Amino acid sequence: MDKSIIVLFGSTGDLAKKKILPALSELYKKNLLNCPIACIGRRELEKEQYIKLMEINNNKFADNLYYVRTDFEDSLKFKKEIEKIKDKCQCRKIIFYLATSSELFVPIVEFINGASLINKSIFCFEKPFGSNLESAENIYNEILKHVKKENIYFADHYLGKDMVYNLQKIRESKELAGIWEKECAESLEINLIENFGIEGRGEYYDKTGAIKDVVQNHILQIIALLFSTRPIAKEKAEVINSLSIPLPKDIIIGQYEGYKSEKDVSPNSKTETFIAFKTSSHKSSIYVKTGKFLDKKATYFIIKSETHKIIINVYPEQNVLLDGKEIYRLNNKTTDYENIFLDLIKEEKNRFVSWHEIQASWEFTDKLIRQARKQKLHIYKKGSHGPNN
């Protein structure tokens, strides 16, 4: 395997600090990674200042980390900096990881193209990719002017979670073989709930909301995995396309008390921090709930019928219950972003979302948002189950 260099854009952001850099550091601790990491930023920082800012305390990881300051105007200077690291570490392949807002995807790709670093490089884009179907298609088409389709990866960190990734394996287990399809055909509940707020991400979240941040990003992907017979892009996109658009009466949206006082949130904000809705796929009823500042942090799915009840716990437990009896437990401690970067290096696409799935997800999400806007935004108390109505 060719040694890679990981070039991280958005390296001073919240996602990099809380998720990406800790995951890369952990891979170094486990001796699963030896790639140099070039962290790209606009700030005037020395490497030591960057390490302190991002609270990095793994010396082995820090030794292989580089901070590259750029104003995104001098492509030649950027090219020299990256090639200097490549040559020093004897890297043959570049992985560009864009942990930025999607508005910056095209400018960054064009900047990299100006530095003549596109050829054979891998590009991974964080979701949400775009803010609606039209913007996603525009961004994708602009990127395709410079990057080949096969070198584009779309990250959804929920696919990095082993319990989610293993849904196909779980449904084929001896305990569930023969009943999964029958049970899935009746009723499914999906719950992604959190007991905390937006954690200083007001500027991002107020433009995004729970629907784009969680439903479009993660929940539609989970539904696709639960209902497709094979976890391949075409089938997953078909599942998403089969979903009925919820009627306004089947949608509840809410906003937690105090949200408008959060930093960088508009005092007149109508952004939802909670949504529950009912949809369906063929004969299956699907109930979705997600929100912030609820009574607990948990991710779980419930498949019910007259004869069986299957509970799939992703967090805090990682197990499967069939009629109250545990039939599967996962003790793997590899985190979602660790898996994402390991698969990027191997150029393995199974944990990544396809372009067709993104299109299908935005088509559903755009329509869901239009329906949700017809409903009243309920204010709910922190630590509650959400809106009462």
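This is a predicted model: local features need pLDDT of at least 70, side-chain atom pairs count only at pLDDT 80 or more; totals for chains, interfaces and linings use all residues.
**Entry 1, helix H5 and its surroundings.** I began with helix H5, residues 105-114, and looked up which of its residues are buried; I noted Phe 105, Val 106, Ile 108, Val 109, Phe 111 and Ile 112. I then asked what covers these buried residues of H5, and found that the cover includes strand E1 (4-9), helix H4 (75-89), strand E4 (93-98), strand E5 (122-126) and H6. Looking past the end of the helix, I recorded that H5 is followed by Ser 116, whose phi is positive, near 55°.

I next took up helix H6, residues 133-143, whose axis comes within 9 Å of that of H5, the two crossing at roughly 5°.

Which members of the largest nonpolar core touch the most other members? Of its 101 residues, I found these to be Phe 78 and Phe 129. Helix H11, residues 202-227, supplies the largest share of this core, with 13 residues. I also noted a second, separate core of 35 residues, which includes Tyr 50, Tyr 67, Ile 340 and Phe 341. Returning to Phe 129, and leaving aside residues up to four places away in sequence, I listed its contacts as Ser 102, Phe 105, Ala 136, Ile 139, Tyr 140, Ile 143, Phe 154, Trp 355, Ile 358 and Trp 362.

Last, I examined H11 with helix H14, residues 355-372, and found their axes 10 Å apart, with the helices packing at an angle of about 135°. I therefore recorded H11 and H14 as oblique to each other, and the crossing in which H11 passes H14 as right-handed. From H11 the contact takes Ile 211, Lys 212, Val 215, Gln 216, Leu 220 and Gln 221; from H14 it takes Glu 357, Ile 358, Ser 361, Trp 362, Phe 364, Thr 365, Leu 368, Ile 369 and Ala 372. By class, I counted 9 nonpolar, 4 polar and 2 charged residues in the contact of H11 with H14. Ile 358 and Trp 362 of H14, which take part here, are also among the residues that Phe 129 touches.

How values were computed
Residues are numbered from 1 along each chain as its sequence is written. Side-chain values use heavy atoms; hydrogens and water are left out. Axes are lines fitted to C-alpha atoms, for helices over the stretch in contact, and angles run from 0 to 180 degrees between N-to-C directions. Helices (H or I, at least four residues) and strands (E, at least two) are DSSP runs, numbered from the N terminus. A nonpolar core is a set of buried Ala, Val, Leu, Ile, Met, Phe, Trp, Tyr and Cys residues joined through side-chain atoms within 4.5 Å. Buried means under 20% relative accessible area, exposed over 50%, partly exposed in between (1.4 Å probe, protein chains only). Contact means heavy atoms within 4.5 Å. Angles under 35 degrees count as roughly parallel, over 145 as roughly antiparallel, 65 to 115 as roughly perpendicular and the rest as oblique. A crossing is left-handed if the near helix is turned anticlockwise from the far one by less than a right angle, and right-handed if clockwise. Ala, Val, Leu, Ile, Met, Phe, Trp, Tyr, Cys and Pro count as nonpolar, Asp, Glu, Lys and Arg as charged, and the others, Gly among them, as polar.
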